[in-house]
Amino acid sequence: MNVLLLSDIHSNLAALEVVVEDANANFEIGETWALGDLVGYGPQPAECLSLLKSIDVVAVAGNHDLAVIGAISTADFNDIAAAAVEWTQGVLDDVNLDHLRGLATTRERHGITLVHGSPRAPAWEYVVDEGVAAQALNDVETVGLGVGHTHYPVIYEQRGREIGQVQPVPSQSRSVAGTKFLVNPGSVGQPRDRDPRASYAVLDLDEEIITHMRAEYDVELTAGKIRAAGLPTFLADRLLVGM
Ligand code: ZN
């Protein structure tokens, strides 16, 4: 079965719609998993949550989702992120807030652990190098671990005590068979690797193959909605350059 891996959607509906369409055009998708930060930063949180519900997404909460429901304080956020959290709180109704409240910070699905940051600090820790990745893999029993949070697509493969980082090439498949692996699909709604295209990955659970993908979407449409909503304009500008 192929799993569509999404992370850091950040209320960017235009990007999310294109990603779901692109994934289904290129793969037979059986399930969709979202690795947190469904909302925050972007202009269409309610629309994104309803699209995700319509495709029966299996999701974990990210730090932005937790801040929106008041489970963590925005005191640890920068001013722009905090402003976006407050804006999001103002536009989500109780049904949507309850949906976010119902998200766990860690889940296991078909032998893969799902968290936003890392197993030991799901809301906060960034897996940015082999050391942190090795620790993260050490902290789970499953053969695979899906994370988001950094907004950078990457794979880490562990064989015995050896761990290696793989920089995925979009549209190229990578076999992780025989390894304990960590995958970050990159960010759907706010990529930060200087490629403004939406990032996602598809995990073939049976063959243990990961394919990272990039999909072009109407960045100007989302940027315009961010400005019209009165969200900090930096959040619009950064989408145009992918950082
Ligand atoms: Zn994020």
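What share of the 243 residues of the chain counts as buried? I looked this up before anything else, keeping in mind that the model is predicted. The answer is 56%, where buried means under 20% relative accessible area.

**Overall build**

I went through the secondary structure and found eight helices and twelve strands in the chain. The radius of gyration is 17 Å, close to the 18 Å that the globule rule gives for 243 residues, so I can call the chain as compact as a globular protein of that length. Along the principal axes, the C-alpha atoms fill a box of roughly 50 × 35 × 30 Å.

**Surface and contacts**

I noted an accessible surface of about 10,000 Å² for the chain, with 46% of that belonging to carbon and sulfur atoms. Then I checked the contacts with a separation of 6 or more: 73% of them are between residues 24 or more positions apart.

**The six-stranded sheet**

Next I traced an open sheet of six strands, and its order reads β3-β2-β1-β11-β12-β9, with mixed pairing. At the edges stand β3 (58-59) and β9 (173-175); each has a single partner strand, so one side of each is left without a neighbour in the sheet.

I then picked out one pair. Strand β1 (residues 2-6) runs parallel to strand β2 (residues 29-34), and five bridges join them. For Asn-2, I found the bridge partner in β2 to be Ile-29.

What packs on this sheet? I found helix α1 (residues 13-26) there, touching β1, β2, β11 (198-204) and β12 (209-215). The direction of α1 makes about 35° with that of β11.

Key
Residues are numbered from 1 along each chain as its sequence is written. This is a predicted model: local features need pLDDT of at least 70, side-chain atom pairs count only at pLDDT 80 or more; totals for chains, interfaces and linings use all residues. Side-chain values use heavy atoms; hydrogens and water are left out. Two strands pair if DSSP finds at least two bridges between them. Helices (H or I, at least four residues) and strands (E, at least two) are DSSP runs, numbered from the N terminus. Contact means heavy atoms within 4.5 Å. Axes are lines fitted to C-alpha atoms, for helices over the stretch in contact, and angles run from 0 to 180 degrees between N-to-C directions. The radius of gyration is taken over C-alpha atoms; the globule rule is 2.2 Å times the number of residues to the power 0.38. Buried means under 20% relative accessible area, exposed over 50%, partly exposed in between (1.4 Å probe, protein chains only). Accessible areas come from the Shrake-Rupley method with a 1.4 Å probe; for residues, only the protein chains shown count as cover.
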